[in-house]
Amino acid sequence: MDNPQEPSQCVVPIHKPSFKEYAFFFSSGVLVSIPFTLFFANFYDFFPEALTIVVFAPFIEELAKVFPLFYRHGETERSYIILGLLIGLGFGISEFVLYVAVFNVPFYARIPGIVFHASSAAITAYGIAKKKPLPYYLIAASLHLGNNYFAVSNSFFSLFGQVLILITVYLLAYRYYQAASKDKMVV
């Protein structure tokens, strides 16, 4: 035959999350991520408190926040960022309530944490969407580690360090949101 046959094609429509799915991922920040984090917190007693807060907590929390995203397929890159942001927002708000209601931390001191958790989850979500989760997870966890270090240290530069990290994590999340395609499906 002189005419080679064209390969068969399959057209799959891009899935756009509904409001119910957005609500599900927001609630996943509380219902999945917090218990995941608390499970690993049971092992914190075996280590010095500063080590668990500064080193272990960032790596565990960053994984816990994006864990539900590993089961999504057919979303656009941009959808992954939005879903990651919603999970991080749910996690940040629940952590906010915990610190303010249980530990009596002033509410204004925990507001940046809400933005931080939403932004850092969006960074890792971008890595998942690009099929390279590890480097972006390490970026988010490293920024989290730096933030926690400045939170527990009593140095003159602590507040400056925390503000610098908060700005960095927010700008990175925004950059990755802008870089993520609205049309490219992640499979």
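**Aromatic rings and buried residues in a predicted model**

Trainee: Is Y176 buried or exposed?

Mentor: In this predicted model, the relative accessibility of Y176 is 8%. The cut-off for a buried residue is under 20%. Y176 therefore counts as buried.

Trainee: Which elements make up the protein chain, and in what order do they run from the N terminus?

Mentor: The protein chain has seven helices and two strands. Read from the N terminus on, the order of these elements is α-α-α-β-α-α-α-α-β.

Trainee: What percentage of the residues in the protein chain is buried?

Mentor: The C-alpha trace of the protein chain spans about 80 × 30 × 30 Å along its principal axes. The chain has 187 residues, and the buried share of them is 40%.

Trainee: What share of the contacts with a separation of 6 or more joins residues 24 or more positions apart?

Mentor: A contact means heavy atoms within 4.5 Å. Among the contacts of the protein chain with a separation of 6 or more, the share from residues 24 or more positions apart is 76%.

Trainee: How many aromatic pairs does a search of the whole structure find, and what kind of pair do Y126 and Y136 form?

Mentor: The search of the whole structure finds 11 aromatic pairs. Planes over 60 degrees apart count as edge-to-face.

Trainee: Why does the pair of Y126 and Y136 tie together separate parts, and how many residues apart are they in sequence?

Mentor: Y126 belongs to helix α5 (residues 107–129), whereas Y136 belongs to helix α6 (residues 133–152). The pair therefore ties together parts whose separation in sequence is 10 residues.

Trainee: Which kind of pair do Y136 and Y176 form, and how many residues apart are they?

Mentor: Y136 and Y176 form an edge-to-face pair, with 5.3 Å from centre to centre and 85° between the planes. This pair links distant parts of the chain, with Y136 in helix α6 and Y176 in helix α7 (residues 158–179). The separation of Y136 and Y176 is 40 residues.

Trainee: Which residues form one aromatic cluster with Y136?

Mentor: Y136 is buried, with a relative accessible area of 17%, and Y126 is buried as well. The residues that form one aromatic cluster with Y136 are Y126 and Y176.

Trainee: What is the relative accessible area of E75?

Mentor: E75 is found in strand β1 (residues 75–76). Leaving aside neighbours within four places in sequence, E75 is in contact with H15, P17, Y80, L83, K184, M185 and V186. E75 is buried, and its relative accessible area is 0%.

Trainee: Is P68 buried or exposed?

Mentor: P68 has its place in the loop between α3 (49–66) and β1. Apart from neighbours within four places in sequence, P68 is in contact with F25, S28, V32 and I87. At 11% relative accessibility, P68 counts as buried.

Trainee: Where is N104 found, and what is its phi?

Mentor: N104 is found in the loop between α4 (77–102) and α5. N104 is exposed, with a relative accessible area of 63%. Most residues other than glycine have a negative phi. N104 is not a glycine, yet its phi is positive, near 55°.

Trainee: In which loop is K131, and what is its phi?

Mentor: The place of K131 is in the loop between α5 and α6. K131 is not a glycine, but its phi is positive, at about 65°.

Trainee: What distance separates the C-alpha atoms of T168 and F116?

Mentor: T168 has its place in helix α7 and is partly exposed, at 30% relative accessibility. T168 and F116 are 52 residues apart along the chain, and their C-alpha atoms are separated by 9.7 Å.

Key: Residues numbered from 1 in each chain as written. Predicted model: local features only at pLDDT ≥ 70, side-chain atom pairs only at ≥ 80, totals over all residues. Heavy atoms only, no water. Phe/Tyr/Trp six-rings, centres within 6.5 Å; stacked < 30°, edge-to-face > 60°. Helix = DSSP H or I, 4+ residues; strand = E, 2+ residues; numbered from the N terminus. Buried < 20%, exposed > 50% of the residue type's maximum accessible area, 1.4 Å probe, protein only.
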